[in-house]
Each structure stands twice: as structure tokens, then as C-alpha cells.
Amino acid sequence: MRAIVIDDERLARKELINLLNQLETVEVVGEAVNVDDAKEKIEQLNPDVIFLDIQMPEKTGFDLLEELDNVPHVIFTTAYDEYALKAFQVNALDYLLKPIEPKRLEEAIIKLQNKMEGTQKTEAGASNFNSKKLNLDDQVFVKDGDRCWFVKLSNVRLFESDGNYIKVYFDNFKPMIHKSLNALDERLDEKSFFRASRKHIINLGWVDGIEPWFNGGLVVTLRGGDKIEVSRRQAARFKEMMSL
Amino acid sequence: MKLMNKERLYWLLQLVGWGSFAFLIIILAYLSSGVLAVQVWAIIVLAVFNLISTHFLRYIVKEYSWFKLGIAQLLSQSLLAILVLSFINVVAQILINIVFGTLSPQEDFRVLVILANLFQAFLFYIMWSLLYFLFHFLDNYNTSLKYEAKINEIRLNHLKSQLNPHFIFNALNSVRALVDEDPIKAKSAITRISNMLRFSLMMDKKQTIEFGEELNIVKDYLELESIRFEERLSISYIIEDESFSYRIPPMMLQTIVENAIKHGISNLVKGGIIEIKCREGLNDDLYIQVKNSGKLDQTPSLKSKGYEGNGLSNTVQRLKLIYGGQASFRIFNTGNQFVITEIKIPKQRTNLEIIN
């Protein structure tokens, strides 16, 4: 798997890269010294996994994840930061403590490999060439106060715009991310997600029922019971898509 | 608040206790031979007398701090007091009966009856005292447990803040990488880490130490940080020779420098400077200034809680404890790019060390 190491300290990066180079399954394709640098390199190199330090100048590792559209697998690294440790433990995130124990690193890599093989099977066949678009197997990072999640898009049933934020509906949660619905709409794969109205984007895989509504509009019921109105303008497109 | 509650609880127990005492006796008297209205009143007045007398006992216990006595003395004094109270109680019973006209001389003045009354009063007072002391000891035990827990928590936090785990583990991580890259530097880094650990363990109990001793530790610390931050950290010292004749509280300059790194350099992508300047003032006092790149978001944050102000508010408290009003502390922005932390320490040593 291809990895990028993100840490503001040169020696810390060097130490981790040394350790990773001893593992056959990992290839370190790049390193980054801060959040902006990391963002650029991730978009450019599209790694499978990033090793991410939390405490970096100006922007933290969590900030980076919130800025990314498509989040690769993440293994956090920290020396000792009570707040970060609490966040990792509460949210069951993978993390390594510096100085990193080679055995722990290997375990983390093996665990990740198993996870990646699992997702590759479901992905098989649906290989997509327009990798720029976010598809159902991509994950986003969502943070809401102390809680944070890596959410697979296939688990998101609904995006709802709310001022400058978007509410992301999955499981029993609906945390907010700081993005515009229009920008998100452009990044999402239109085969899987549908712009129902100015306020909503729905996941077509979650549609449970469709009923006609006033003025030629529609009301879509999602699994779980959310009811979303499809505007008249979009209703025609929706019918077209669903009948295909 | 808590005191109020205890006081209220005491009165509640007193009223309920003696109230049910009166109620029970009335019921018993009623069941055995019927009871007259005057007798009811006599019993109520007796209950009130009991309440007042036990309250008086409590007053004595508190006023002469009996709780501070040894157990043997406490027991003997209490017994004596209870005995005296029981005699008074018997007399009071007779007086009450006279007032209410419920006295029957040939019955109530029999030695056996008086002794029985005495014994009964004695039993009641004993029970009251047992409850009172038991409650007090339980309560005391509870608060002392809480106090102990609090003290331990403070000690632990203190220790943790002194060892600064974030720094130690980062330093060790850098050293791991250095072992291959520059073994000689790695060796000296290990020595410096040991110096710091030893210092923070040993300086715990001292009030003040030689300025030079503290400066050495700060130098070790900054050397280690510059291994981590490399070209992002540049350090300079401007130290007047007179400084070395002063004594300062241990780990104080160290804390200030750590803060400068934490809130200054480590937040800046391009890094910055740390400048330590020490000079003697006009009135035999030492000015220690730490200047670092960065910006202070206004002073109120210093007072607010959270880990940010922790180190510095601690510093302010320590200065006040050791030097009274003679020392001072300030932290301020200078220009747009630098923060200065300054402490002033008087030369004349305090006698605090002797007291401790």
C-alpha cells in the first residue's frame, strides 16, 4: 500500500519512514510538513494511507481531515496529547504512540490491510475511471465537538444544507460539516446521489418509496423514515433516472 | 451552603427525635391507664426540656472543641456531662410535675422511682450522644477522604506538569531517529533528558535554588527542543554576571520557556526565536525576560481555566507565596510578532524556607 507521512518534525518523519521501509507491504510515496503541504500531496499522490501527526503548527491533523473531500485511511501518531488520545479512544480510531514500537506499527498495517481487502471485494467490478468523483466506497471525515467519524458515503442517506453547513445523515447521527451543498453536489457521483432540491441531496441506494406530490413534485421516503420533497424541476429528472 | 444543610439536618433530627419521644410516651401512657390533657402538656414540656438540654450539651462539645480530645478523655468527659445532665433532668421532671400539678409525692419521691427516672434520662442522653458522635465521625471521615483525594489529584497533576510527557516522548522519538543519523548528538541528548528528569524529581521540595542551576536545565531543555524543531528554533541568551548571585524558585524559568515554545514556536510553520535576558535592577532585584515569537491573545485567557493558563497562573501563585508582594510577573505582546514574559525576583531571601 502507498503511504504518506505527515509530521512537522523532520526527525519524527525520518524515524517513521525508517520503520515503514522495513515493511514489505508499505511504500512511502511522500512526506508532508504541514496541513497545506499534506493536502496538496494527498490530492496529487492519492495514497492508500496517511500517517498523521495531530499537533502541527497553525492547523492540526483534524483540520486536515475536515478539509479533504476524499479521506484515505488514516493512522494517527502522537507523542502524548491527552485531548487527542481521548478523541482516538472515544471514537475507536487507529493511532500509534511516539516513539513508535515496530511491532505495534506492523499490527496496525496488518489490520489496515484486512480492512482494505474487505472493501476491495465490494468494489470489484464497479471499477470507475472517473476517479475524481466521490463514489459510495469513498469515505469522508466528519467532526462534531468531541465526536468524529470516518463515514463511508454508502452509509450516508441524506445531505441537508443548513446555512453555511451541511448536515450529514447516517446511522443515528447528523453532524455538520462546513461546506456548501453546491460544491459537494459537483463532487458526488451522480449515479449514486441525487440533488432532490435546493436543500437536499439523497443517496439513491436508500430510497424506499416514492409518492406523487403537489404541482408535479414528488416525495421520496428513505429507509429509516426520512421524507424528502423533490422539486418539480428535479422530479422529471428523477423519474427518468429511476426508470432506467 | 453545606454548612447550612448540616445545621438544618441537626435541627430536623432534634425535632423529629424528641417529637417522637413525646409522642411515644403519650401513646404508651394512654394505652396503659388513659392520659389527662395536663399530663400531655407535661410530657411535651419534658421533651422540649430534653431538646434544650441536648442542644446545650452540643454547645459545650463544640465550644470546648471536645472532638480534638483523645478518645479516653472524650469518653470520660461525655459520661460525666451526661450524668450531670441526667440529675438535672430528674429535678426538671419534678419541677414540671409541680408546675402542672401532676406530682404525686408519695409515688414520685420514692427512691426507686427517682433512680428509675435517673436511669431513663441517662439512657436517653447516652443514645443521643452516641448518635451525635457517630454522625460527626462519619461525616468527618467522609470529608477527610475527599480532602485526601483532592490532595492526591493536585500532587499528580503537579508531577505530570513537571515531567511534561508531551515533551519527553517527542524528545525520545527524535533521539531514536538521531541514533542512526548522528550517534554523538544522540548520546548527548540522552544525557540532557536524564538531567531534566533528575532535576524535576529532585527540585520538588526546594523553595529556591541557585540561578545557575536553573539556567543549566533550561539550556538542556532548549537544546533538546532544537533537536526537534531544528532550523525552526533559534535561541539566544543575554545573561548578566550578577544574575548568578541570585536564587530563584526551581522550574519557574523552565515553565516560562516551555510555555514560550508551546504557544509560540510550535504554532508557527516557520518557527521563531527564544531570547532569554537576565539583568539586575536598581533595587537589588533580578529581572528575567523571555521573549518569543508569537502573539498573545489578550490577557484574560491567562485567568481562564484550561491547560493553557495553567503553567503561568501557577507561576503567579508561587511568586506570591514565596515573596509576598515583592516579586512580580507580567506577560505582554511587543510589536506584532513577539511576546515577552517577565518576572522580577527580589535578592533578599525570604524566611519561608526555614518555616518549611
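## Backbone exceptions in chain A

Asn46(A) is placed in the loop that runs between helix H2 (35-45) and strand E3 (49-53) of chain A, where helices (H or I, at least four residues) and strands (E, at least two) are DSSP runs numbered from the N terminus. The model is a predicted one, in which local features need pLDDT of at least 70 and side-chain atom pairs count only at pLDDT 80 or more, whereas totals for chains, interfaces and linings use all residues. Residues are numbered from 1 along each chain as its sequence is written, and chains are lettered from A and ligands numbered from 1 in the order in which they are written.

Most residues other than glycine have a negative phi, and most peptide bonds are trans. Asn46(A) has a positive phi, near 45°, although this residue is not a glycine; Asn46(A) is also partly exposed, because 13 other C-beta atoms lie within 10 Å. In these terms a residue is buried with 20 or more other C-beta atoms within 10 Å of its own, exposed with 12 or fewer, and partly exposed in between, the C-beta atoms being placed from the backbone. Asn215(A), likewise not a glycine, has a positive phi of about 60° and is found in the loop between strand E13 (207-212) and strand E14 (218-222) of chain A; with 8 other C-beta atoms within 10 Å, Asn215(A) counts as exposed. The peptide bond that leads from Lys98(A) to Pro99(A) is cis, with omega near -5°, and Pro99(A) belongs to the loop between strand E5 (95-97) and helix H5 (102-123) of chain A.

## The two chains

Chain A holds 7 helices and 15 strands, and 30% of its 244 residues are buried. Of the contacts in chain A between residues at least 6 apart in sequence, 48% join residues at least 24 apart, a contact being a pair of residues whose C-beta atoms, placed from the backbone, lie within 7 Å.

Chain B holds 12 helices and 7 strands, and 25% of its 356 residues count as buried. In chain B, 71% of the contacts with a separation of 6 or more come from residues 24 or more positions apart. Ser194(B), in helix H7 (residues 183-202) of chain B, is exposed, with 11 other C-beta atoms within 10 Å; from C-alpha to C-alpha, Ser194(B) and Asp220(B) are 9.8 Å apart in space and 26 residues apart in sequence.

## Strand pairing in chain A

An open sheet of chain A is formed by 5 strands in the order E10-E9-E8-E12-E11, with antiparallel pairing; two strands are taken to pair if DSSP finds at least two bridges between them. Strand E10 (176-177) and strand E11 (193-195) of chain A each have a single partner strand and stand at the edges, so one side of each has no neighbour in the sheet. Within this order, strand E8 (residues 156-162) and strand E12 (residues 200-203) of chain A are joined in the antiparallel sense over 3 bridges, and Glu160(A) stands opposite His200(A) in E12(A).

Strand E6 (residues 139-144) and strand E7 (residues 147-152) of chain A also pair in the antiparallel sense, over 6 bridges, with Val151(A) in E7(A) as the bridge partner of Val140(A). E6(A) and E7(A) make a hairpin with 2 residues between them, and Gly145(A) in its turn has a positive phi of about 65°.

## Where the chains meet

Contacts link 14 residues of chain A with 16 residues of chain B. On the chain A side, the residues divide into 6 nonpolar, 1 polar and 7 charged, where Ala, Val, Leu, Ile, Met, Phe, Trp, Tyr, Cys and Pro count as nonpolar, Asp, Glu, Lys and Arg as charged, and the others, Gly among them, as polar.

Helix H1 (residues 10-21) of chain A and helix H6 (residues 165-181) of chain B have axes that come within 8 Å and cross at roughly 65°; axes are lines fitted to C-alpha atoms, for helices over the stretch in contact, and angles run from 0 to 180 degrees between N-to-C directions. Leu11(A), Ala12(A), Lys14(A) and Glu15(A) in H1(A) meet Asn173(B), Ser174(B), Arg176(B), Ala177(B) and Leu178(B) in H6(B), and the residues of this contact divide into 4 nonpolar, 2 polar and 3 charged.

## Nonpolar cores

A nonpolar core is a set of buried Ala, Val, Leu, Ile, Met, Phe, Trp, Tyr and Cys residues joined through C-beta atoms within 7 Å. The largest one has 69 residues, of which Ala3(A), Ile6(A), Ile50(A) and Val257(B) touch the most other members, while helix H8 (residues 211-229) of chain B gives the most to this core, with 9 residues. Another core, of 25 residues, lies apart from it and includes Tyr169(A), Leu188(A), Ile201(A) and Val230(A).

Neighbours within four places in sequence aside, Ile50(A) is in contact with Ala3(A), Ile4(A), Ile6(A), Ile42(A), Pro72(A) and Val74(A).

Methods: Two residues are in contact if their C-beta atoms, placed from the backbone, lie within 7 Å.
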